[in-house]
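Please keep the sequence and the coordinates at hand while reading.

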Amino acid sequence: MDFHALYHANFKLLDDAVTDWSTLVKHLADLKKDAEDDLHKAALKADWAGVNAQVSREFVGKTAGEFGDAHTQATTIHNILSDTRNELKTFHQQLTDAVSRGQKKNLTVVDAGDGKFTVMGNTRPDWSSDPSGKTGATDQKDVDDLRDEIQGILSKASESDNTAKTVLMALVDQTTMGFSDASYKDRDAAADAVKEADELAKLAKKNPDDLSVEDFDRLNAGLKKYANDPLFSERFATGLGPQKTLEFWTGISDPNRGNYELGHKRLDQFDDLQRNLGLTLAHATQSDSTDMAEWKRKMIDIGDKPLYGDRGGPMGFQVMSNLMRTGDYDDQFLKDYGTKLMATERKMTGNGEHGNPIWQRTGMSSWLNRIGDDSGNDPLTGYLKGLSNSPDAATDFLNQQYISKDDPDDPFERDTDGNGKKGKVSLSNFQYLFEERDWPKEADLHGDDIVTGQNNLALALEAATTGHPAGEMPTLDTPPHNAGQAKLVEDLFHSVSEDPKRLTGHSYMSDSMGQIAAEYMPDIHRELHAGSSSEKALFPVAGTAAALNERDITRFLYAVGQNPEGYAAVNLGQTSYTTQLMQYHFEHPSAYTGDPAFSEADNLKQGTEQIARKAGEIEGIIGAGRAYQAELEGGAKDADYNAAIESAGSWGGTAVGIGIGMATEPMTGPGGAIIGDVAGATADEIIGKITEGAMRDSSGEIIYRNGESFEDTSDSTYKVVELAARKAGENSGHRYPLIEASVATAAEDGFNTAGTKVHKYLDGEGIPRQLDTED
């Protein structure tokens with residue numbers, strides 16, 4: 001800090017800046033409230049259609065969010081400026097007081113230019129007559145003390161000024177467009193984050209063999225504390241750099257190269273460090289700073305290269321992908337990373353013609369993953385887990401072309417037109433990974449196959465098709481399904497329909513497949529509905545509807561129904577959707593046809609019967625799959641099915657729960673489905689009782705059984721739709737006993753239709769005690 005600048009400081013401009021930012025914060029708080037309460041909530045309730053349903057609604061949501069980020073950033077900047085201004089004023093006063101005290105001791109502080117100063121003692125004639133001879137020494141101490149005091153004040157003022165500059169520039173660098181959501185209560189909090197990042201990055205740059213247990217503990221604790229801090233994460237990542245990041249994690253995790261002391265004393269905490277490091281890097285990639293852009297470019301560039309150059313080691317992709325298992329990485333980084341990763345996959349597998357021995361676990365391979373059982377040698381395993389947290393990137397990646405049929409080195413041939421002749425085919429990344437890839441083999445200590453990679457593929461598919469992270473439920477902010485998501489669902493249903501063993505042979509994927517089906521209930525109902533007249537009003541879909549067909553739906557749901565978790569997801573998803581859709585039509589009895597030649601009750605009866613018929617059909621298909629599996633295993637899995645349904649009770653049936661009228665035009669909710677609290681509460685009630693294992697009506701009669709027999713499933717379906725119609729009538733203030741009675745008959749028709757379709761599309765499988773024996 002310049003002596004002259006601090007001593008003669010005029011704080012008016014800084015005071016004005018603090019005042020202006022304070023005013024801006026207040027205005028942005030109002031705009032934030034208006035954007036959320038008026039703009040965003042109005043957009044969610046609006047009757048969007050066509051492109052507006054998926055583009056405008058999402059744009060409005062993001063725009064409203066920008067007002068929130070703007071308010072957050074302005075508040076942080078105001079806090080930093082105010083804190084720094086107050087400190088500088090304090091240092092200014094301390095400096096003024098020090099100079100004044102010096103003058104009382106006949107000491108003068110002289111501005112020496114270039115920010116420097118000199119302390120000088122004033123000369124008096126009577127000093128030379130002092131007989132003690134001590135005056136000179138005492139005066140020099142006063143000079144030195146004042147000099148040191150002033151230098152200390154200037155040093156602290158410099159630190160205050162410089163740290164404020166550093167954190168303010170770091171905040172601004174976070175985004176090239178828009179605003180950062182970084183929030184700090186004062187300058188010191190932001191400065192501490194930056195300082196800790198610098199110190200931990202320096203520590204992580206050490207040779208991993210030289211890291212002590214204390215070093216490990218400090219790194220682990222610091223990364224855990226600051227993993228979600230924007231300034232810390234960007235500063236740490238760029239300070240460490242891509243190469244050192246990979247060397248750091250490999251050096252700790254890999255027993256072939258690792259630190260013996262850490263492996264002996266901290267092995268049980270390696271998973272925590274992996275999570276914390278991954279979360280930190282994920283947050284860092286959200287920054288738009290120039291240094292971070294270079295970090296991302298370099299990380300992708302070294303992905304296909306041995307970590308230690310001529311000395312070998314794992315490839316960059318193998319290490320980095322394991323750090324992607326936690327956190328939400330920047331979408332564009334994930335896309336660019338995935339493009340290069342799949343190019344490497346093609347190169348090392350002959351475009352997928354054979355396996356990849358480099359990514360196959362062997363006795364001398366590196367051990368790069370500490371979260372779960374797999375070794376982490378296959379980089380697609382960790383990368384796909386990363387995609388499961390980033391839906392937009394997952395949709396883009398899985399729809400990308402893996403290889404074109406026009407490529408002379410395309411190894412994939414299929415009979416696509418049924419003429420018995422095979423020809424080359426183009427494959428997407430989804431098709432290659434789901435249908436063709438030779439996944440590297442691994443086994444656990446018990447000799448059982450480790451299938452983490454394929455399971456992570458299912459999670460990535462869940463995120464890519466639903467628009468929200470895998471394992472989560474849609475919310476009011478979940479946008480309608482877009483064209484990319486719908487296309488992927490079409491490809492998925494067709495792939496399983498073409499060869500059901502792609503799913504039944506990997507049943508651990510079925511929980512995600514069931515979740516996908518639950519969130520595409522409107523699309524499934526519409527495609528199963530005979531004819532097209534008024535189906536959009538009966539089963540409305542906002543955004544892009546998946547163009548499915550009866551054969552693919554039947555075979556897909558039948559395969560999903562053979563797994564307890566998959567069955568539970570579809571069962572509860574269908575129940576929730578049917579319950580809430582009935583409620584909507586009871587409240588809007590003319591929504592289906594509104595034919596003036598018939599009464600309102602007649603129009604409602606026709607609509608609810610169509611809903612019940614499709615409910616019965618879907619339950620019949622998955623029930624057939626469950627029955628088929630039960631007969632194959634002698635009913636041994638029945639308890640698993642019941643347990644899966646009971647454990648799914650936490651999903652609920654609220655307006656933002658699974659399987660609601662996703663993406664419907666006249667309703668509110670995820671994807672545009674507008675469903676009221678009453679309908680959500682009714683679905684909650686019905687699903688809650690289903691998951692208890694036995695639902696009873698007011699007389700105490702059991703109306704839902706999680707039992708072994710196919711008859712239990714059909715009978716329960718009829719009674720559930722009957723109850724849904726009765727509840728809808730009660731909630732809307734007008735019960736129709738005839739409709740309540742007729743929906744059960746309609747559901748029975750649907751159930752019988754399911755049996756016909758199962759026979760038609762699956763060669764008679766799925767009817768109890770009439771099953772063909774598997775080869």
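N106 is placed in the loop between α4 (56–104) and β1; helices here are DSSP runs of H or I with at least four residues, strands are runs of E with at least two, and both are numbered from the N terminus. The model is a predicted one, in which local features need pLDDT of at least 70 and side-chain atom pairs count only at pLDDT 80 or more, while totals for chains, interfaces and linings use all residues. Residues are numbered from 1 along each chain as its sequence is written, and side-chain values use heavy atoms, with hydrogens and water left out.

The backbone of N106 has a phi near 60°, a positive value in a residue other than glycine. Most residues other than glycine have a negative phi. With a relative accessibility of 27%, N106 counts as partly exposed; buried means under 20% relative accessible area, exposed means over 50%, and partly exposed lies in between (1.4 Å probe, protein chains only). N351 likewise carries a positive phi, near 65°, and sits in the loop between α14 (331–349) and α15 (379–388). Is N351 buried or exposed? N351 is buried, because its relative accessible area is 13%.

Strand β1 (residues 107–113) and strand β2 (residues 116–121) are paired in the antiparallel sense through six bridges; strands count as paired if DSSP finds at least two bridges between them. L107 has G121 of β2 as its bridge partner, and V109 stands opposite V119 in β2. In a regular strand, side chains alternate between the two faces of the sheet. Two residues separate β1 from β2 in this hairpin, and D114 in the turn has a positive phi of about 55°.

Two spatial relations link residues that are separated in sequence. D145 belongs to helix α5 (residues 135–173) and lies 9.8 Å from G102, C-alpha to C-alpha, although 43 residues separate them in sequence. D145 is partly exposed, because its relative accessibility is 37%. G566 is found in helix α25 (residues 564–587), and its C-alpha atom is 9.0 Å from that of A517, 49 residues away along the chain. G566 counts as buried, because its relative accessibility is 0%.

Charged side chains form the next topic. How many salt bridges does the structure hold? There are 34 salt bridges, each defined as a side-chain nitrogen of Lys or Arg within 4 Å of a carboxyl oxygen of Asp or Glu. One of them joins D148 to R147, with an N to O distance of 3.2 Å. D148 is partly exposed at a relative accessible area of 45%, and R147 is also partly exposed, at 39%. Another connects D304 with K305, whose closest N and O atoms are 3.3 Å apart. D304 is partly exposed with a relative accessible area of 28%, as is K305 at 37%.

A further salt bridge pairs D491 with K487, the closest N and O atoms being 2.8 Å apart. Both D491 and K487 lie in helix α19 (residues 483–498), where they are four residues apart, about one turn of the helix. K487 is partly exposed, because its relative accessibility is 38%.

Finally, D511, E565, E633 and D640 form a negative surface patch. Patches consist of residues with over 30% relative accessible area and no salt bridge, where like charges are joined within 9 Å and nonpolar side chains (Val, Leu, Ile, Met, Phe, Trp, Tyr) within 5 Å. Asp and Glu count as negative and Lys and Arg as positive, while His and the chain ends are not counted. D640 counts as partly exposed, because its relative accessibility is 40%.

Note on methods: Areas by Shrake-Rupley, 256 points an atom, 1.4 Å probe, with all protein chains shown as cover. Charge placed at Lys NZ, Arg CZ, Asp CG, Glu CD.
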